[in-house]
Amino acid sequence: MGGNGTKQELDKLGRARKSENNHVTVEWSCESLETTTIYLPAPEPEAVEPAQDNKPRPKILYFCDESSQDGDTYMAVAGIAVAREAIPVIVGQMKEIREKFGKKGEVKWKNAKSRSGIVHEAYIRLLFALVDEGRLHFHVRFSRMDEYDHKRSGPRRKIDTVSKAFFQLLLHRPVAFYGADADLYIHPDDGDCTSELVNQMGALNFVGRRMCKASDIVKLVQPRSSEREPMLQLLDCTLGALAAYRNGRHEKEGISDTKKKLAELAFEMTGWPDITGNCWQKKKLNRWNAVPKFKKG
């Protein structure tokens, strides 16, 4: 899947460092690359600074999900990276939105309707506000499913194709972007497509050691139910909207006015000139249109 796993490409990956104000800053060796920070809390003034060798690494949580694997041309997997200490504040902001509009139950793209769509819009706006503030990074990977030979993916065929898309996302985004300087705790939306990721933590760390010169980068892979995990709901609204836009559903008959509006809003808020192609160097808002290594036929 994708061509990003070659040694030549892995060798191009840069290393990260931590700035004096305790931000995670990822620097790359290629030209014209953006330096982006995820804000992490500064140590308390009264805290005694531990020895450099024993200083704990920052902890980044990565929530990921998929959309449009059935019935659409392009499938999407996406993730959001957040410093652990920022989670309570973000969840609090989401709670305020729900209370303001009297929303009960899970907020998901598929249940965006005329009355509930206002909550989905607020979630989309919140996600991009957090991106602008540097408090959250968003990465999305699109792949054209009819180009893949699902029989080569594994015994579960299409499910294994999606599972491998998750692996590529995790390896080439959170591991590559943050692994040199932070520990990763990965929480996919639970389901068949993510059930094998727990068993691939060793592979992520093996390749990550070569990419980032750090050991045991991924500390945990633990699928969670989106019904009980608000951060996955925050991701799902924007992911579903962008997947709809990538598949051109916003221009087709049959889509509701609410979902059409949300799809166009999410794309507009990315600031991207187009939904095709890649923006490899944008750590905080990253688009990747993958091409299979082995095409169907």
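Trainee: In this predicted model, what places K260 and E264 about one turn of the helix apart?

Mentor: K260 and E264 both belong to helix α8 and are four residues apart, which is about one turn of the helix.

Trainee: What makes the contact between K260 and E264 a salt bridge?

Mentor: The criterion is a side-chain nitrogen of Lys or Arg within 4 Å of a carboxyl oxygen of Asp or Glu. For K260 and E264 the N to O value is 3.2 Å, so the pair meets the criterion of 4 Å.

Trainee: Why are K260 and E264 called partly exposed?

Mentor: Partly exposed residues lie between the limit for buried, under 20%, and the limit for exposed, over 50%. K260 has a relative accessible area of 32%, and E264 has 33%, so both receive that label.

Trainee: Are D236 and K108 buried or exposed?

Mentor: D236 has a relative accessible area of 9% and K108 one of 15%. Both values are under 20%, so both residues count as buried.

Trainee: What can be said of E229 and R224, whose side chains meet in a salt bridge?

Mentor: Their N to O value is 2.7 Å. E229 is buried, at 9% relative accessible area, whereas R224 is partly exposed, at 27%.

Trainee: How many salt bridges does a search of the whole structure find?

Mentor: The search finds eight.

Trainee: What makes up the largest nonpolar core?

Mentor: This core has 47 residues, and those with the most contacts inside it are L136, F138, M231 and L234. Among the elements that give two or more residues to this core are β4, β5, α2 and α3. Helix α7 provides the largest share, 10 residues.

Trainee: Which residues does F138 touch?

Mentor: Leaving aside residues up to four places away in sequence, the contacts of F138 include A78, I80, L127, V131, L235 and L242. A second, separate core has 32 residues, including I60, Y62, A81 and L169.

Key:
Residues numbered from 1 in each chain as written. Predicted model: local features only at pLDDT ≥ 70, side-chain atom pairs only at ≥ 80, totals over all residues. Heavy atoms only, no water. Core = buried A, V, L, I, M, F, W, Y, C linked by side-chain atoms within 4.5 Å. Buried < 20%, exposed > 50% of the residue type's maximum accessible area, 1.4 Å probe, protein only. Contact = heavy atoms within 4.5 Å.
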